[in-house]
Amino acid sequence: MEFFVNCNTSTLAPYTAPLDKTRAAHLYRRLGFSASVQTVDQAVGQNAGTLVDSLINEALNMPTLPAPAWADWNNSNYPDDDDLARQLRRAQAEEWAVTYTNALLNNNLRDRLSFFWSNHFVTELDVYDCTGFLYYYIDCLQRNAIGNFKTFVSEIGLTSAMLYYLDGAYNNGNNPNENYARELYELFTLGEGNGYTEQDIIETARALSGYTERGDIGCTQPLFDPTSFDAGSKTILGQTGNWNYDDVIDILFQERANEIANFICGKFYEFFVHPDADDDAGNAQAIISGLAATMVANNFEIAPVLSQLFKSEHFFDDEAIGVIIKSPFDLYLNLINETSFAYNDNTLLNVVDTTRLLGQVLFDPVDVAGWQRDRSWINTNFIIGRWLTLEVYLELFFQANQEQFRTLAMDAVGPADSNTSNPETVVRALVNKFTPLGLLTEQDFQNALDVFKIDDVPEEYYGPDYTPGGLGLWMLSVSPEVPQQVFLLLMHLSRQPEFQLK
């Protein structure tokens, strides 16, 4: 597969042309897990700024997922038998995985962002092993996904999931644990080695101490215990005083505002625009600097930054389209959204299980640095797994209801062509639906067309003179072969390099 140099030289000036189908689809592939034919069609002709505003407002106003019945359970709520307790925890984690995957599928920007943040403020369920903690962690991600970044940093550090994952729950003032202090700077706000020293980490760990009251029964929220807090003087980023948890956050954002904004806006850029922010060919660094200035000017509110990015010529530039490799979750959730095929909770459970096989385990990123994304998703093992599993999903959809494949094709070509007799019209529409910029060469398109025109149908069937047996002409809306033709075309497309991109 060809990898893309970032040659995007467009600016943050607003994109003013009415959205065409390519750019409308691009917006939904990046701001959510793609969208149906109908949703994309509705966006065509709209002003990018208006549509982005509506998606951002939707994200800002969306309620968080309701708390499950077990959100506040501790170990005393589980069976005494360890095996039964494990079984129940596993069932709860599965239930929550389906609930959250439904949110990813349907909630556009809000849960595209909550998922992004789960790979930034990383925790691993298999380390802290408490489904109640998982619920409150996801709730924190959803509440703050497009809120204030300073507030977000402050809140995430005191979630039980994070306190246990990075050892804050064991950070005694008389024996400080430096894990969280290190990651707070290195991974969460500044970037490795950027604007802090080893001494800052040591002093910060002391200021973050005291959240060690863990209760007697397990799976309970750690609380602040003043007796295990280091009440001595600390010097952090040049400021000296008897600092505590809140002071650390205040000092960090006061003394290193520009560094934080640049680091976070670089993350946004690589996730939403192009995986390579350091290429010299484009102007990525200028874009990141512009976004960072917006972030600082807006006191670390996230919405104005993303609004500026998503409305920009840079975001909609040809060089930004189809240059990010789909994650496993993109692969399957985009397929469900783009086809509008019927699915249920079992389908989503299968998605969670399949992504696990391909290196993206929900609620369990690979380590504290998270999934490295992009090229890491298509190594030799994973690319074959992607092909084979996509075929399984398509086969399951076909077995469940063949006619939904015809419906997809009729939706894709649009009302004017819903009864077309031209297979090329159908193949062109479906290729354009499932690939960001079409297939690379005309020969690639011909290959797709050949797959669609299945072997046991005479070529003349697609021409005006074919009448033997009174069959008449091939027609999209009525010919019995159509569902199988669409199925075979999707099977073929799912193995094309362009299908792996968004």
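Modeller: Helix α4 (residues 82–106) packs with α17 at an angle of about 65°, the two axes being 10 Å apart. The model is predicted, so local features need pLDDT of at least 70 and side-chain atom pairs count only at pLDDT 80 or more, whereas totals for chains, interfaces and linings use all residues. Residues are numbered from 1 along each chain as its sequence is written, and side-chain values use heavy atoms, with hydrogens and water left out. Helices here are DSSP runs of H or I with at least four residues, numbered from the N terminus. Axes are lines fitted to C-alpha atoms over the stretch in contact, and angles run from 0 to 180 degrees between N-to-C directions.

In the contact (heavy atoms within 4.5 Å), α4 supplies Thr101, Leu104 and Leu105, while α17 supplies Phe329, Leu333, Ile336 and Asn337. These residues divide into 5 nonpolar, 2 polar and no charged. Nonpolar covers Ala, Val, Leu, Ile, Met, Phe, Trp, Tyr, Cys and Pro; charged covers Asp, Glu, Lys and Arg; the others, Gly among them, are polar.

Buried means under 20% relative accessible area, exposed over 50%, and partly exposed in between, with a 1.4 Å probe and protein chains only. Among the buried residues of α19 are Phe382, Arg386, Glu391, Tyr393 and Phe398. Helix α19 (residues 380–400) has 21 residues and spans 31 Å from first to last C-alpha, close to the 30 Å expected at 1.5 Å a residue; the expected span is 1.5 Å times one less than the number of residues. Asparagine 379 caps the N-terminal end of α19, with a side-chain oxygen 3.1 Å from the backbone nitrogen of asparagine 381.

Helix α23 is mostly covered, with 9 of its 12 residues buried. Val482, Pro483, Phe487 and Met491 are among these buried residues. The buried residues of α23 pack against α19, α20, α21 (423–434) and α22. The axes of α22 (residues 442–452) and α23 come within 8 Å and cross at roughly 145°. Here Asn447, Ala448, Val451 and Phe452 of α22 meet Gln485, Val486, Leu488, Leu489 and His492 of α23. The residues of this contact comprise 6 nonpolar, 3 polar and no charged.

Technical notes
Helix = DSSP H or I, 4+ residues; strand = E, 2+ residues; numbered from the N terminus. Polar contact = N/O pair within 3.5 Å; in protein donor to acceptor, adjacent residues only side chain to side chain.
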